[in-house]
Amino acid sequence: MPIAYIQDIAKHEGQDVTIRGWLHNRRSSGKIHFLVVRDGTGFIQAVMSKASVGDETFQKADHLGQESAIIVRGQARADARAPGGYEIEVGDLQVVSEARDYPISPKEHGVEYLLDRRHLWIRSQRQHAILRVRHEVVNAVRDFFNREGFVLADAPIFTPSACEGTTTLFPVQYFEDDTAYLTQSGQLYNEATALALGRVYCFGPTFRAEKSKTRRHLTEFWMVEPEMAYATLDDVMRLAEKLVVSVVARVLEARQPELRALERDLSRLELVQAPFPRITYDDAIERLRAAGQPVEWGGDFGGTDETVLSGLFDRPVMVHRFPAAVKAFYMKPDPERPEVALGVDLLAPEGYGEIVGGGERLADYDLLLERVKAHDLPPSTFEWYLDLRRWGSVPHGGFGMGIERVVAWLCGLEHVRETIPFPRMLYRLAP
RNA sequence: UCCUCAGUAGCUCAAUGGUAGAGCAUCCGGCUGUUAACCGGAGGGUUGCUGGUUCGAGUCCAGCCUGAGGAGCCA
């Protein structure tokens, strides 16, 4: 009897198959059991009638607890009454291990309770759908860059100091005498690998010790960061647009059952087509004021500002040329207007905020050295970074895209904590 | 770090300052098409902690602890 995965059950219609999984839920009607089985690939209803399996097998299922490991054998068939459209007519049931008093019932639970049991929570249907969308996003990103000719060149996780002086870093003891910091961006290293390999990307975990306590923040999150030699701000914006369009299309194509399980409004995602509107920071300020937001020129946008701004468009919007003072030291100033930097933020629709941030880098040695000093950064630590401007400096740029925020947007989630198997937050380090 | 809100049965939540309750889960029983199944029964409580006000505190007051949402900062 072939072993079947639930996601492929349609291919086995009419056949006898073996499903190896866990009991997700059970309903019973005296002489008929409905066992909802999950096997990691999906969920399916297995129907067991007393008349066809006999008393002994039927009784085995009588008191079986949620999340008991079971192997069911039976015929796969289409049935409109079954959730998912297919069910298994059980011929035999094998109990691999019996579970009792599983703590997560099909009823509602609070956030703290579920997060304390995240190792079990991920078995639920909703988390199953979200994590599969995440998987698709990650693969879509990798496929995109590989197809476009980018070289994966990962940046180190241990770094000697801040990439951008402003954000707080996690220090770690590095052997006896040294302190290392967990990376908050691979970007500076990307600039080096881009000048070596042309177009590169890194993709890994990133750490921010900010005491942020909002639905958009994790202390450990995944970021993909492409960097291109011989590239301008316009090239960076084109790349970000193409990437986001590609990822959304891929998820819409490959993960529709999951998006539907999450009750996502697909029509909003289908609108994500190029070109994305590109507006300047100045323009954004004007639009925000027109919408009644009290904003001053020179400041960064708050969460509400981003929501209001993205609400003005039906697709992601790119805001470029921010005041140089609020941006990182390595941002290139606009030659025509030095008070603004050639940076860009891409805001997701529906209030999901900034999912991409990047721009053109400062390629001039003298100006960069000046900036390093002005930001009170130790020039010795940045010696190697300055070297990139001494030998073969060219216009270059790139961006970072936060995976969890993209997944939260695509899934329509309230909080990024559900987009990663084990979220790390201000007050959450376990399990 | 700051602001707001919350903490009562295993879970989700009720309870005018006056006998601490329901649904789900668990256990027992019933039911051959359930859809978070349903119906009947049972067990289950140091009301986050410490102190105060009161004849009497889950309820009012103070402090603390834990969590959630938000601000700042960011992807």
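This is a predicted model: local features need pLDDT of at least 70, side-chain atom pairs count only at pLDDT 80 or more; totals for chains, interfaces and linings use all residues.
**View 1. An open sheet of 3 strands runs in the order β7-β9-β8.** The pairing in this sheet is antiparallel. Strands β7 (158-159) and β8 stand at the edges with a single partner strand each, so one side of each is left without a neighbour in the sheet.

**View 2. Strands β8 and β9 form a hairpin with 3 residues between them.** Here we look at β8 (residues 171-174) and β9 (residues 178-182), which run antiparallel and are joined by 4 bridges. Between these strands, look for F175, which takes a positive phi near 55°. P171 has its bridge partner in β9, namely Y181.

**View 3. Strand β7 pairs with β9 in the antiparallel sense.** This pairing extends over 2 bridges. For T159, the bridge partner in β9 is Y181; Y181 is also the bridge partner of P171.

**View 4. Helices α10 and α11 pack at an angle of about 90°.** Two packed helices are described by the angle between their axes and the distance between the axes. In this pair, α10 covers residues 281-290 and α11 covers residues 303-310, and their axes lie 10 Å apart. Angles of 65 to 115 degrees count as roughly perpendicular, and α10 and α11 are therefore roughly perpendicular to each other.

**View 5. Residues of α10 meet residues of α11.** On the α10 side you will find A284, R287 and L288, and on the α11 side D305, V308 and L309. The residues of this contact divide into 4 nonpolar and 2 charged, with no polar ones.

Note on methods: Residues are numbered from 1 along each chain as its sequence is written. Chains are lettered from A and ligands numbered from 1 in the order in which they are written. Side-chain values use heavy atoms; hydrogens and water are left out. Axes are lines fitted to C-alpha atoms, for helices over the stretch in contact, and angles run from 0 to 180 degrees between N-to-C directions. Angles under 35 degrees count as roughly parallel, over 145 as roughly antiparallel, 65 to 115 as roughly perpendicular and the rest as oblique. Contact means heavy atoms within 4.5 Å. Ala, Val, Leu, Ile, Met, Phe, Trp, Tyr, Cys and Pro count as nonpolar, Asp, Glu, Lys and Arg as charged, and the others, Gly among them, as polar. Two strands pair if DSSP finds at least two bridges between them.
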